[in-house]
Amino acid sequence: MIQETGLHAPRAHVSDNHSHLGERRKYLMYICICNALTDKQVDRAIKDGCREPSDVYKACGTQPQCGRCMETMWHMLDTAMGEAAVSPGE
Ligand code: FES
């Protein structure tokens, strides 16, 4: 008899497709693990005028450590800058 346990057990039906995340996320996402910086903190820093990851670290009272979060921060910065260019009134 084969037992279905652990990683090989069949998946239960997944009813949560995270569609609610676009409206209002309940959970924080860590952008920088070394400094425990969340997406909310990085967003706030960008809204407050940060234009480079080094600005974000400084605004959050931290310093870069391993640098693995830089790409994500640049992406967030580029996205924010793109959105600001599309809707300068906000
Ligand atoms: S993950 Fe941000 S410095 Fe390491």
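**Walking through the model**

Tutor: The average pLDDT of the protein is 80, and 67% of the residues score at least 70. pLDDT is the predictor's confidence in each residue, from 0 to 100. This is a predicted model, so local features need pLDDT of at least 70 and side-chain atom pairs count only at pLDDT 80 or more, while totals for chains, interfaces and linings use all residues. Residues are numbered from 1 along each chain as its sequence is written.

Student: Where is pLDDT below 50?
Tutor: Residues 1-6 are below 50, and beyond near neighbours in sequence that stretch has 2 contacts in the model. A contact here is two residues whose C-beta atoms, placed from the backbone, lie within 7 Å. Residues 11-15 also stay under 50, with 0 contacts beyond four places in sequence.

Student: OK, what's the secondary structure?
Tutor: There are 3 helices and 2 strands, in the order β-β-α-α-α from the N terminus. Those are DSSP runs numbered from the N terminus: helices are H or I with at least four residues, strands are E with at least two.

Student: How much of the protein is buried?
Tutor: Of its 90 residues, 16% count as buried. Buried means 20 or more other C-beta atoms within 10 Å of the residue's own, exposed means 12 or fewer, and partly exposed is in between, with C-beta atoms placed from the backbone.

Student: Which residues make up the largest nonpolar core?
Tutor: That core has 12 residues: Ile31, Cys32, Leu37, Val42, Ala45, Ile46, Cys50, Val56, Tyr57, Cys69, Met73 and Met76. Two or more residues each come from β1 (30-32), α1, α2 and α3 (70-86), and α1 gives the largest share, 3 residues. By nonpolar core I mean a set of buried Ala, Val, Leu, Ile, Met, Phe, Trp, Tyr and Cys residues joined through C-beta atoms within 7 Å.

Student: Let's stay on α1. Which of its residues are buried?
Tutor: Gln41, Val42, Ala45 and Ile46. Looking down the axis of α1, the buried residues fall within an arc of 135 degrees, so they line one face of the helix. That arc is taken from the directions from the helix axis to the C-beta atoms. In general, an α-helix has 3.6 residues a turn, so residues three or four places apart point the same way.

Student: And what's on the face turned away from the buried side?
Tutor: The exposed residues Lys40 and Lys47.

Student: Back to Ala45. What does it touch?
Tutor: Leaving out neighbours within four places in sequence, Ala45 contacts Cys50, Val56, Ala59 and Cys60. Ala45 is buried because 22 other C-beta atoms lie within 10 Å.

Student: Where does Cys50 sit?
Tutor: In the loop between α1 (39-47) and α2 (53-59). Cys50 has 21 other C-beta atoms within 10 Å, so it is buried. Setting aside residues up to four places away in sequence, Cys50 touches Ala45, Asp55, Val56 and Ala59. Its C-alpha is 8.3 Å from that of Leu77, 27 residues apart along the chain.

Student: What about Val56, which residues is it in contact with?
Tutor: Val42, Ala45, Ile46, Cys50 and Met73, again leaving aside neighbours within four places in sequence.

Student: Switching topic: which residue other than glycine has a positive phi?
Tutor: Ala36, with phi near 55 degrees. Ala36 lies in the loop between β1 and β2 (37-38), and it counts as exposed because it has 12 C-beta neighbours inside 10 Å. Just after α1, Gly49 takes a positive phi of about 115 degrees.
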